[in-house]
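Here are my notes for a first look at this model. Please keep the structure open while you read, and check each point against it.

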Amino acid sequence: MSETTQELPASSARVAEAARRLGLAITIAVHDRPTRTAEEAAEACGTGVERIIKSLVFEGADSGRPYLLLVAGNNRVDEKKAAATLGEALRRPDAGKVRALTGYAIGGIPPFGHVETLQTFIDADLLAHDIVWAAAGTPTTVFPVDPRRLAEATGATAITVA
């Protein structure tokens, strides 16, 4: 079951429900300071930036197909390398399109529970850790999760992104 540290914002409650449907037991933490960036999240969680998941939405340059890349906070996506793996060049959609696809604003996008089904890929570097932290629907909520369990629950394919 999903647990919380205090009353959840509506967006985070949706994340908790999505986790429950996936069979993930998560505890969402509500912080009094921003966790919008990987650096802010790492500081708030008392962990290293390499243990923070950046949920990044891309779309195929030709197909327009949406992709979700779950990237370690210390890594930057090598778009050419990712494109070679995905089979097409990538582009970043604007914030409005990201919100329409996910149901969440940039800075709070969780790794699951989106409006649209997104083909998901997880940075292989995240799998080196027992626990990583992901956004929980707002720029002040996060949750810890075993990255292997997350990949399994979301059907994410492990790739090298950096």
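1. **Terms and ground rules.** Two strands pair if DSSP finds at least two bridges between them. Helices (H or I, at least four residues) and strands (E, at least two) are DSSP runs, numbered from the N terminus. This is a predicted model, in which local features need pLDDT of at least 70, side-chain atom pairs count only at pLDDT 80 or more, and totals for chains, interfaces and linings use all residues. Residues are numbered from 1 along each chain as its sequence is written, and side-chain values use heavy atoms, with hydrogens and water left out.

2. **The sheet.** Start with the open sheet. Its five strands come in the order S5-S3-S4-S6-S9, and the pairing is mixed. S5 and S9 (157–159) are the edge strands, as each pairs on one side only. Strand S6 (residues 119–123) runs parallel to S9, with three bridges between the two. Look for Asp123, which stands opposite Ile159 in S9.

3. **Strand S3 and its partners.** S3 and S4 run antiparallel and are joined by seven bridges. Leu56 stands opposite Leu69 in S4. These two strands form a hairpin with five residues between them. In the turn, Gly64 has a positive phi of about 75°. S3 also runs antiparallel to S5, with two bridges. There, Gly60 faces Leu90 in S5 as its opposite residue.

4. **How enclosed is S3?** Buried means under 20% relative accessible area, exposed over 50%, and partly exposed in between (1.4 Å probe, protein chains only). Seven of the eight residues of S3 are buried, so the rest of the structure largely encloses this strand.

5. **Ser55 in S3.** Ser55 belongs to strand S3. Its relative accessibility is 11%, so Ser55 counts as buried. A polar contact is a pair of N or O atoms within 3.5 Å; within protein, one must be able to donate a hydrogen and the other to accept it, and residues adjacent in sequence count only if both atoms are side-chain atoms. A polar side-chain atom of Ser55 lies 3.2 Å from the backbone oxygen of Ile109. Contact means heavy atoms within 4.5 Å. Leaving out residues up to four places away in sequence, Ser55 touches Leu68, Leu69, Leu70, Ile109, Pro110 and Pro111.

6. **Which side of helix H4 is buried?** In H4 (residues 95–102), Val98, Leu101 and Thr102 are buried. They cover an arc of only 85° around the axis, so they lie on the same side of H4. The arc is that of the directions from the helix axis to the C-beta atoms. Gly96 and Ala100, on the other side of H4, are exposed. The cover over the buried residues of H4 includes strand S3 (53–60) and strand S4 (66–72).

7. **The two ends of H4.** At the start of H4, a side-chain oxygen of Asp94 comes within 3.1 Å of the backbone nitrogen of Gly96. Just after H4, Gly103 has a positive phi of about 90°.

8. **Pro93.** This residue sits in the loop between strand S5 (90–91) and H4. Pro93 counts as buried because its relative accessibility is 11%. Pro93 touches Val57, Phe58, Glu59 and Val98, leaving out residues up to four places away in sequence. From Pro93 to Gly64 is 29 residues in sequence, and 9.4 Å in space from C-alpha to C-alpha.

9. **Aromatic pairs.** Rings of Phe, Tyr and Trp (its six-membered ring) pair if their centres lie within 6.5 Å; planes under 30 degrees apart count as stacked, over 60 as edge-to-face and the rest as tilted. The structure holds two such pairs. Tyr67 and Phe121 form a tilted pair, 6.2 Å centre to centre, with 50° between the planes. This pair links distant parts of the chain: Tyr67 is in strand S4 and Phe121 in strand S6, 54 residues apart. Both Tyr67 and Phe121 are buried. Phe112 and Phe143 also form a tilted pair, 5.7 Å centre to centre, with 50° between the planes. Phe112 lies in the loop between H4 and S6 and Phe143 in strand S8 (residues 141–145), so their pair ties together parts 31 residues apart in sequence.
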